[in-house]
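Thank you for passing this one along for comment.

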Amino acid sequence: MKQAVIFGDLTSDRTSEQYPTVTLCENCIREDEAQRENSQIVHMAGEADADDAVCEWCGAEDDA
């Protein structure tokens, strides 16, 4: 699992809502990268901290 900054609510006044950081699994990251210009990921922010991380998009749990 990795942390990624994604496009969120761009009409919000808060940066944390405009570009939230979420936990994503490798499959969701690959699928998003395949979208090219329609990608929701702005940039990768590193590894997820928790051992029990859950993907924000598909709900997959970290098996590591």
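This is a predicted model: local features need pLDDT of at least 70, side-chain atom pairs count only at pLDDT 80 or more; totals for chains, interfaces and linings use all residues.

The numbered points that follow go from the sheet to individual residues.

1. Three strands make up an open sheet in the order S2-S1-S3, and their pairing is antiparallel. Strand S2 (21-24) and strand S3 (41-47) are the edge strands, and because each has a single partner strand, one side of each is left without a neighbour in the sheet. On average, neighbouring strands of this sheet are turned by 35 degrees against each other, if direction is ignored.

2. Between S1 and S3, which run antiparallel, there are five bridges, and in this part of the sheet Ala4 stands opposite Met44 in S3. Helix H2, comprising residues 26-33, packs on the sheet and touches S1, S2 and S3, while its direction makes about 155 degrees with that of S3.

3. Which residues form the aromatic pair, and how are their rings arranged? The count of such pairs comes to one, and it is made by Phe7 and Tyr19, whose rings are tilted, with 5.8 Å from centre to centre and 55 degrees between the planes. The two residues are twelve residues apart, with Phe7 in the loop between S1 and H1 and Tyr19 in the loop between H1 and S2, so the pair links distant parts of the chain. Phe7 counts as partly exposed because its relative accessibility is 37%, and Tyr19, at 34%, is likewise classed as partly exposed.

4. The loop between strand S1 (2-6) and helix H1 (15-18) also holds Ser12, which counts as buried because its relative accessibility is 10%, where the limit for that class is under 20%. A polar atom of the Ser12 side chain lies 3.1 Å from the backbone nitrogen of Arg14. If neighbours within four places in sequence are left aside, Ser12 is in contact with Glu17 and Gln18.

5. Two residues in the loop between H2 and S3 deserve a separate look, and one of them is Arg36. Its phi is near 50 degrees, a positive value in a residue other than glycine. Arg36 is exposed because its relative accessible area is 68%, where the class begins over 50%.

6. The other residue is Gln40, which is also found in the loop between H2 and S3 and is partly exposed, with a relative accessible area of 38%. Leaving aside neighbours within four places in sequence, Gln40 is in contact with Val5, Ile6, Phe7, Asp32 and Trp57; Phe7 is the residue described above as a member of the aromatic pair with Tyr19. Computed along the sequence, Gln40 and Val22 are 18 residues apart, and in space their C-alpha atoms are 11 Å apart.

Technical notes
Residues are numbered from 1 along each chain as its sequence is written. Side-chain values use heavy atoms; hydrogens and water are left out. Helices (H or I, at least four residues) and strands (E, at least two) are DSSP runs, numbered from the N terminus. Buried means under 20% relative accessible area, exposed over 50%, partly exposed in between (1.4 Å probe, protein chains only). A polar contact is a pair of N or O atoms within 3.5 Å; within protein, one must be able to donate a hydrogen and the other to accept it, and residues adjacent in sequence count only if both atoms are side-chain atoms. Contact means heavy atoms within 4.5 Å. Two strands pair if DSSP finds at least two bridges between them. Axes are lines fitted to C-alpha atoms, for helices over the stretch in contact, and angles run from 0 to 180 degrees between N-to-C directions. Rings of Phe, Tyr and Trp (its six-membered ring) pair if their centres lie within 6.5 Å; planes under 30 degrees apart count as stacked, over 60 as edge-to-face and the rest as tilted.
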